[in-house]
Amino acid sequence: MALDALHTAIMSQRVNWVLDADIRSFFDSVDHEWLLRMVAHRITDPRILRLIELWLRTGVLESGEKQDTDRGTPQGGGH
């Protein structure tokens, strides 16, 4: 879908430049404190902010053992 949107934009309007950004491992390295501060700029309900914090700090289950995390986001979670 992103390529279709890019093609449509390039073909229908004048484009001076295109920026390519590599976000590999972005979601693996998101700092929880920073993300929560950014979200708090838009969401003021402390209950929602607390739910987001709990969701971020859920951790990872590997070989039957829970490992806490302080970075990264659970991709595919929250659906």
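1. H32 counts as buried because its relative accessibility is 1%; buried means under 20% relative accessible area, exposed over 50%, and partly exposed in between, with a 1.4 Å probe and protein chains only. The residue belongs to helix α2. Helices (H or I, at least four residues) and strands (E, at least two) are DSSP runs, numbered from the N terminus.

2. This is a predicted model, in which local features need pLDDT of at least 70 and side-chain atom pairs count only at pLDDT 80 or more, while totals for chains, interfaces and linings use all residues. Residues are numbered from 1 along each chain as its sequence is written, and side-chain values use heavy atoms, with hydrogens and water left out.

3. What surrounds H32? Leaving aside neighbours within four places in sequence, H32 is in contact with L56, R57, T69, D70, R71 and G72; contact means heavy atoms within 4.5 Å. For G72 there is also a polar detail: a polar atom of the H32 side chain lies 2.6 Å from the backbone oxygen of G72.

4. T73 sits in the segment after β2 (65-67). With a relative accessible area of 17%, T73 is buried. Neighbours within four places in sequence aside, T73 is in contact with F27, V30, L35 and L56.

5. D28 is placed in the loop between α1 (2-12) and α2 (32-40). Is D28 buried or exposed? D28 counts as exposed, because its relative accessibility is 51%. In sequence D28 and R71 are 43 residues apart, yet their C-alpha atoms are 6.8 Å apart in space.

6. D68 lies in the segment after β2 and counts as exposed at 62% relative accessibility. Its side chain makes a polar contact with the side chain of K66, at 2.9 Å. A polar contact is a pair of N or O atoms within 3.5 Å; within protein, one must be able to donate a hydrogen and the other to accept it, and residues adjacent in sequence count only if both atoms are side-chain atoms. D68 and R57 are 11 residues apart in sequence and 6.8 Å apart from C-alpha to C-alpha.

7. S63 is found in the loop between β1 (60-62) and β2. Although S63 is not a glycine, its phi is positive, at about 50 degrees. S63 counts as exposed, with 80% relative accessibility.

8. On the chain as a whole, there are three helices and two strands, in the order α-α-α-β-β from the N terminus on. The radius of gyration is 18 Å, whereas a compact globule of 79 residues would have one near 12 Å; the radius is taken over C-alpha atoms, and the globule rule is 2.2 Å times the number of residues to the power 0.38. Along the principal axes, the C-alpha atoms fill a box of roughly 50 × 35 × 20 Å.

9. Of the 79 residues, 9% count as buried. Among contacts with a separation of 6 or more, 41% come from residues 24 or more positions apart. The chain exposes about 7,200 Å², and carbon and sulfur atoms supply 57% of it.

10. How many charged side chains are there? The chain has 9 positive and 12 negative side chains, and the centres of the two sets lie 8 Å apart. Lys and Arg count as positive and Asp and Glu as negative, without His and the chain ends.

Note on methods:
Areas by Shrake-Rupley, 256 points an atom, 1.4 Å probe, with all protein chains shown as cover. Charge placed at Lys NZ, Arg CZ, Asp CG, Glu CD.
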